[in-house]
Amino acid sequence: MNEQTLRYWKRTYSALAGRRGYGPCYTFSEVLVLLVTKRLVEQLGVDVSKLEPIAVELFEACKSSVMLLSGADHTVYVDVARMIVIPGNASEKSAGGVRIELSLPDLARELRARILDSLGDDEAAQMSLALGPTAIGSPPKQKQA
């Protein structure tokens, strides 16, 4: 995605609007929302401005990125007529109308793989922390003689 597209999407999504600076940082869940948006725009021709009413729900659905990576079923549906996000376990999903199914675990795993690929094939690319083991808790009391 180019910078101009990202700038436009940041204006559409108020959760990202405050990101300024030369190299703003994004959380995994925020990047996942951008991937969902990219799929909806490129594959289904959805106008980004139409997603603005469901932006908060999209960000909430993607916040549980740890659970998404665990493989738990976390499918959500976008009801196109009402522009709402419906959790996959809701009984409302079987009602009539056009719905877009978003398999968030699949998208989260794809995003994770892309991030790891960008680091290179070498497992050493995963930076190890330069901190040694640390005892947790208070030190044992010594008996006085």
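Entry: I began with Leu 107, which sits in helix α7, residues 104-118. The model is a predicted one, so I read it as such. Is Leu 107 buried or exposed? I found Leu 107 buried, at 8% relative accessibility. Leaving aside residues up to four places away in sequence, I listed what Leu 107 touches: Leu 32, Leu 35, Val 36 and Arg 39. I also checked how far Arg 39 is from Leu 107: 68 residues in sequence, but 9.7 Å in space from C-alpha to C-alpha.

**Entry: a tyrosine in a strand.** Next I turned to Tyr 77, which I located in strand β1, residues 75-79. Its relative accessible area is 15%, and because buried means under 20%, Tyr 77 counts as buried. Glu 101 is 24 residues from Tyr 77 in sequence, and I get 4.6 Å between their C-alpha atoms.

**Entry: helix α1, side by side.** I then asked myself which residues of α1 are buried. They are Trp 9, Lys 10 and Thr 12. These residues cover an arc of only 155 degrees around the axis, so they lie on the same side of α1. On the other side of α1 I noted Glu 3, Gln 4 and Arg 11 as exposed. For the cover over the buried residues of α1, I wrote down elements including α2, α3 (28-44) and α4 (48-51). I looked at the start of α1 as well, where a side-chain oxygen of Asn 2 comes to within 3.2 Å of the backbone nitrogen of Gln 4.

**Entry: aromatic rings.** How many aromatic pairs are there? My count came to 1 aromatic pair. The partners are Tyr 13 and Phe 59, with ring centres 5.5 Å apart and planes at 85 degrees, so I logged the pair as edge-to-face. Tyr 13 is in the loop between α1 (3-12) and α2 (14-17), while Phe 59 belongs to helix α5 (residues 55-62), so the pair ties together parts 46 residues apart in sequence. I checked burial for both partners: Tyr 13 is buried at 0% relative accessibility, and Phe 59 is buried at 10%.

**Entry: cysteines.** Last, I searched the whole structure for disulfides and found 0.

Terms used:
Residues numbered from 1 in each chain as written. Predicted model: local features only at pLDDT ≥ 70, side-chain atom pairs only at ≥ 80, totals over all residues. Heavy atoms only, no water. Disulfide = S-S within 2.5 Å. Phe/Tyr/Trp six-rings, centres within 6.5 Å; stacked < 30°, edge-to-face > 60°. Helix = DSSP H or I, 4+ residues; strand = E, 2+ residues; numbered from the N terminus. Buried < 20%, exposed > 50% of the residue type's maximum accessible area, 1.4 Å probe, protein only. Contact = heavy atoms within 4.5 Å. Arc of directions from axis to C-beta. Polar contact = N/O pair within 3.5 Å; in protein donor to acceptor, adjacent residues only side chain to side chain.
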